[in-house]
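Subject: Structure for your review

Dear colleague,

Please find below the structure I am handing over to you, together with its sequence. My notes on it follow directly after.

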Amino acid sequence: MVDLVIGSGPAGVAAATALLARGRQVLMLDGGRELEPKRAAARDRMAARDPRLWAAEERADWQAPQFRAAGGQIRRYGSDFAMEPAQETYAGGSDRFRLRGSHAVGGLSNLWGAAVLPYAAADMAGWPITEADLAPHYRAVADFVPISGRADDLASVFPALDLAGSTPLTPSPQAERLLTMVAGARGRLARAGITIGQARQAVAPGCRQCGQCLHGCPWQLIWSARQYLPTLQADPNFSYRPGVRVVAFEEEADEISLRLESGETVRGERAFLGAGVLESARILLASMPGLGQLTLRDSAHGFLPMLHLWRAPRRPDRGPFHTLPQAFAELRAPEVSGHLIHAQIYSWNEFFEADLLSRYGRLPGTGPALRALARRLLVAQIFLHSDLSARVSLTLARDGRLAAETEERAETGRAFDAAARRFAGAFRALGLAPLSAARRLNPPGSSFHAGATLPMAATPAAGQSDRLGRPCGLSRLHLIDASCLPAIPATTITLPVMANAHRIGSAAPL
Ligand SMILES: Cc1cc2nc3c(=O)[nH]c(=O)nc-3n(C[C@H](O)[C@H](O)[C@H](O)COP(=O)(O)OP(=O)(O)OC[C@H]3O[C@@H](n4cnc5c(N)ncnc54)[C@H](O)[C@@H]3O)c2cc1C
Ligand code: SF4
């Protein structure tokens, strides 16, 4: 009998890869939304030419849809295909919660930032799985997800990610200078509890440094699960049904059945639920009425802008460069958090200028000064562990959507301020002048790192799942997305989710 994988996002393809490697028959179902042909043609036209030959208007046209998007809506390739608007998911609005679902082929990986790290061993303390349990699965995932990066100081914090043979993306001019400053200040950074290294990204070799990463890579070098799907389809044991929505499941003695929105029932031996944490919660609440309510945990994030006091080797806003995160900074500060605090440092991108102009550009004549300021700006995106972040209560609304109620916590703001102060103090050694008064904690859900709705536990009780992601009381339904993580560490989420999904696919009983 067949194994059913719900979702073709990073979690779904990782679990399917592991199941196929065991010779299992796999049927994958997903929402099936694709980039519209007109937008795909625009992407291909961009990719057909050397970026140095693109006219300024072509770049502006490519970027315009993102600038026109409603707050919180992320567009890539000028399309909304990969991110559902709030009203699709939430009945009665999403409160202040910014997390969105996806019904796309490849899910949210069509528009992610591609920053990748494994979880640090210390952040998994008390979990029913260890860093060593995930290590072989990081390696298995790295066989099909290209990872750019280099072995630097961060390797000691994240030994589970082997970067031998990886090629780093070429840092932007500002990042190049920043990383040189980091090398000269290692001792001071270490005394401040901070380790900094070049960012690791899921980007294939051959980056053209065209600077369009935040609008959609014309060459599709930023990895997405959608691009990997044909590799799975080449396996005769794999079949795929796009364009379906699972609404509920039911376990029976020797099979599990999925109810689709169309009314059809699909049966299999086991089901691996990777519909993204919101859709997975909806399916769980609809299938297990006894749950009543689920608590989703968020990883808070905010911005710390900084001016660099040194000169970059060349103008930062003129290519070539990429606009993904340039560096990662990891802070250990037990008085602020019992877990790592993670920061991603971005150098110049067109959003800096747009943000400054929209906030401070109303006075006539300020434009040139603000543009010059934007060229001196670096921004650290600071992430906190879920223990210090908001929680969101999810229940099933009458119409089958989710009702979300966010519980914000005073300690989030306090911890963010304290973390920003610690980073700001240490970053001065790098020739940076932090603009601490302009730091900004963003609304819950805007990190897009959330989950732990049915956390894995060694001896699961109601509201928890076992080491194989099976909610307490079930034996054939495995959660494979971030829903089953025991907590949400501050570092990047997707690589550990994929490794865990691959682990569950490798170990689920036959
Ligand atoms: C703007 C943005 C930037 C991000 N940047 C980063 C980053 O830099 N690093 C990082 O680690 N993470 C990042 N993330 C988070 C990352 O995208 C997610 O962690 C990841 O995509 C989750 O994978 P998933 O497979 O669990 O779910 P998803 O990617 O959400 O995929 C869900 C899948 O389930 C299918 N599906 C949904 N509902 C149903 C249903 N009812 N029936 C059948 N199929 C269904 C969908 O079609 C889709 O195939 C970012 C997210 C966003 C939005
Ligand atoms: S800079 Fe970004 S968008 Fe351009 S080729 Fe490189 S990864 Fe793709």
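This is a predicted model: local features need pLDDT of at least 70, side-chain atom pairs count only at pLDDT 80 or more; totals for chains, interfaces and linings use all residues.

Helix H13 (494–507) is the element against which the buried residues of helix H5 pack. The buried residues in H5 are Glu131, Leu134, Ala135, His137, Tyr138, Ala140 and Val141.

As for the protein chain overall, it contains 13 helices and 19 strands. The C-alpha trace spans about 70 × 50 × 45 Å along its principal axes. Of the 510 residues, 59% are buried. Among contacts with a separation of 6 or more, 74% are made by residues 24 or more positions apart. The accessible surface comes to about 19700 Å², and carbon and sulfur atoms account for 51% of this area.

The next feature is a sheet. Five strands form an open sheet with parallel pairing, in the order E4-E2-E1-E8-E19. Strand E4 (238–241) and strand E19 (477–479) each have a single partner strand and stand at the edges, so one side of each has no neighbour in the sheet. From one strand to the next, the twist averages 20 degrees. Helix H1 (residues 10–21) packs on this sheet and touches E1, E2, E4 and strand E8 (270–273). The direction of H1 makes about 170 degrees with that of E2.

Two of the pairings can be followed at residue level. Strand E1 (residues 3–6) pairs with strand E2 (residues 26–29) in the parallel sense, over 4 bridges, and Leu4 stands opposite Leu27 in E2. E2 also pairs with E4 in the parallel sense over 4 bridges, where Leu29 has Arg241 of E4 as its bridge partner.

Which residues of E4 lie on its covered face, and which on its uncovered one? Phe238 and Tyr240 form the covered face, whereas Ser239 and Arg241 form the uncovered face. In a regular strand, side chains alternate between the two faces of the sheet.

With kind regards

Terms used. Residues are numbered from 1 along each chain as its sequence is written. Chains are lettered from A and ligands numbered from 1 in the order in which they are written. Side-chain values use heavy atoms; hydrogens and water are left out. Two strands pair if DSSP finds at least two bridges between them. Helices (H or I, at least four residues) and strands (E, at least two) are DSSP runs, numbered from the N terminus. Axes are lines fitted to C-alpha atoms, for helices over the stretch in contact, and angles run from 0 to 180 degrees between N-to-C directions. Contact means heavy atoms within 4.5 Å. Buried means under 20% relative accessible area, exposed over 50%, partly exposed in between (1.4 Å probe, protein chains only). Accessible areas come from the Shrake-Rupley method with a 1.4 Å probe; for residues, only the protein chains shown count as cover.
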